[in-house]
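User: Hello! I am new to this structure and would like to know what lies behind the words used to describe it. Could you take me through it?

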Amino acid sequence: MVALLWILLVVLWGLAAILGFKLRGINRERKELEKQIEELEKQIEEGEKQLEEGEKQFEEIEKQREAIGGLRARRAVETLKEYHPPLGGREGLRLDFNENVDGCSPRVLELLRATTAETLNKYPEREPGELKVAAALGLEPAQVLLTNGVDEAIHLLAECYLEPGDETLVAVPTFSMYEIYALATGSAVRTVQANEALEFPYEAMLGAITPRTRMICIASPNNPTGAIATREQLLAIVQAAPQAAVLIDEAYIHFGGESLLDQIGVLDNLFICRTFSKAYGLAGFRLGALLGAAGQLHMVRRVASPYSVNGVVLTCLQAALDDQEYIAGYVEQVLEGRAKLEQFYRERRIPYWPSQANFVLAYFGDFRQALVAEMRRRGILVRDRNADPGCAGCVRITVGNRAQTERLLRELSEALAAIGFVVQQRAANFGALPLAAKETR
Ligand SMILES: Cc1ncc(COP(=O)(O)O)c(C=O)c1O
């Protein structure tokens, strides 16, 4: 009998221990959930503040408009959110705009020094430049339109193909100008949110295509995530929307990803844009190239200014294209530096997104603002990407040349210590984000 009681006691004790263990686990999960809820509430609060701010601005515009009573911008322009990249006060090591901070080909600088008055007083002729770029890329000249940076290429596509009632599809987070130029035409933008891993949302993008879709913009590698879409995914999207101008932005193609260049002229609705602002180190020169089927570009040329590409850059173009040795040397340093920066994050268990571009996005949570400020104090500019959809708490850092990466890693390590940084886990906050497509007008 006593033995039986003992056995019962031991069983009960065991059950109590298991229960206690389970309760502790539940408690831990509860705390984790509470933390996530807290983070979500913070984000909602921030969103509401931004909304309030936007409404105030809109009211202000309305008031001004009523007071003036005269000329009004188009409604699509009045309701457009303003985009002010933080261009002011950028002294120091500029690791905030994904520029090539190593410089540019010395051959370009040489030609620049020899600029004549004629280059400046003559209207620039773009066609010879298009011949050069076409030859370098293995395309027909009619398949190349040189533009005032990729920015102008996006603008021209929107001008050429979008009408009110049409829709542009973009996967966010991504480069802001797609949305801005599309909305400015008075048409709508449908955004598709990337998942928690900030991967290209292929299935959702495919599913969001409708007969109204007239433009699709995809950056691969993407900014600010560094993620790529595979060649198969991109081809499937181009083919699934023959009524839409599909722009594949290959601004960062030197650093990773698969180009669709061989499909130019094969797929009539495919456009690719390339820039001289990144690997070539010529962001101040403002040169981009829109590549597409000759018949489509013929239409795009109708809305393009004949002089938007300046004469100075056109005289330097061949030298820039020829000096592939410079590009290869710079790209090699970036890839090396990118691997080191990613390793830095791994070693400290700082969440980051593996990148195929010349920058890396990482999560610093509540320490984000302090880190950006501390880095600036140390003479290094890095970019706060907190406002990008799905990037709360994130900072993007451009990778420079070897010496710059060494300096970055040293200063980053010291800056983290100086602000008392402790790793935060990114809340699984995507339940609160519109995973399905969202329309903006
Ligand atoms: C994806 C992407 N496309 C285009 C650009 C701008 O290119 P450009 O300087 O030729 O206008 C940027 C600049 O950051 C970018 O990130």
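Analyst: Gladly. Let's begin with a definition: helices are DSSP runs of H or I with at least four residues, and strands are DSSP runs of E with at least two, numbered from the N terminus. By that rule the protein has 14 helices and 14 strands. Please keep in mind that this is a predicted model.

User: What makes leucine 270 a buried residue?

Analyst: A residue is called buried if 20 or more other C-beta atoms lie within 10 Å of its own. Leucine 270 has 24 other C-beta atoms within 10 Å, so it is buried. Leucine 270 belongs to strand S7 (residues 270–275). Setting aside residues up to four places away in sequence, leucine 270 touches Val238, Val246, Leu260, Gln263, Ile264 and Gly292. Histidine 84, by contrast, is 30 Å from leucine 270 in space, C-alpha to C-alpha, and 186 residues from it in sequence.

User: Why is threonine 174 called buried, and where is it?

Analyst: Threonine 174 sits in the loop between S3 and H7. The cut-off is again 20 or more other C-beta atoms within 10 Å. Threonine 174 has 25, and therefore counts as buried. Beyond its neighbours within four places in sequence, threonine 174 is in contact with Ala219, Asn222 and Asn223. Asn223 is also one of the residues that come nearest the ligand.

User: What else is known about the surroundings of the ligand?

Analyst: There are 13 residues around the ligand, and Gly149, Val150, Asn223, Thr275 and Ser277 come nearest. Helix H6 (residues 149–161) contributes the most to this shell, with three residues. By class, the shell has five nonpolar, six polar and two charged residues.

User: How do you know that S7 and S8 pair?

Analyst: Two strands pair if DSSP finds at least two bridges between them. S7 and S8 have five bridges, in the antiparallel sense, so they meet that condition. Within this pairing, cysteine 273 stands opposite leucine 290 in S8.

User: What makes S8 a mostly covered strand?

Analyst: Strand S8 (residues 288–292) has five residues, and five of them are buried. Gly288, Leu290 and Gly292 point one way, while Ala289 and Leu291 point the other way, and all are buried.

User: Which residues of helix H7 are buried, and what comes just after it?

Analyst: In helix H7 (residues 177–184), the buried residues are Tyr178, Glu179, Tyr181, Ala182 and Leu183. Just after H7, glycine 186 takes a positive phi of about 95 degrees.

User: What makes a group of residues a nonpolar core here?

Analyst: A nonpolar core is a set of buried Ala, Val, Leu, Ile, Met, Phe, Trp, Tyr and Cys residues joined through C-beta atoms within 7 Å. The largest such core has 109 residues, and Leu157, Met215, Ile216, Val246, Leu247 and Phe271 touch the most other members. H6 gives the most to this core, with seven residues. Both domain 1 (106–323 + 435–440) and domain 2 (325–418) supply at least three residues each. As for methionine 215, its contacts outside four places in sequence include Leu157, Ala158, Tyr161 and Ala182.

User: How do you know that there are two domains, and how do they meet?

Analyst: The domain assignment gives domain 1 (106–323 + 435–440) and domain 2 (325–418). Their contact takes 21 residues from domain 1 and 22 residues from domain 2. On the domain 1 side, twelve are nonpolar, seven polar and two charged. The centres of the two domains, taken over C-alpha atoms, are 26 Å apart.

Definitions and conventions. Residues numbered from 1 in each chain as written. Predicted model: local features only at pLDDT ≥ 70, side-chain atom pairs only at ≥ 80, totals over all residues. Near = placed C-beta within 6 Å. Nonpolar A, V, L, I, M, F, W, Y, C, P; charged D, E, K, R; others polar. Buried ≥ 20, exposed ≤ 12 C-beta atoms within 10 Å, placed from the backbone. Contact = placed C-beta atoms within 7 Å. Domains from an automatic or database assignment.
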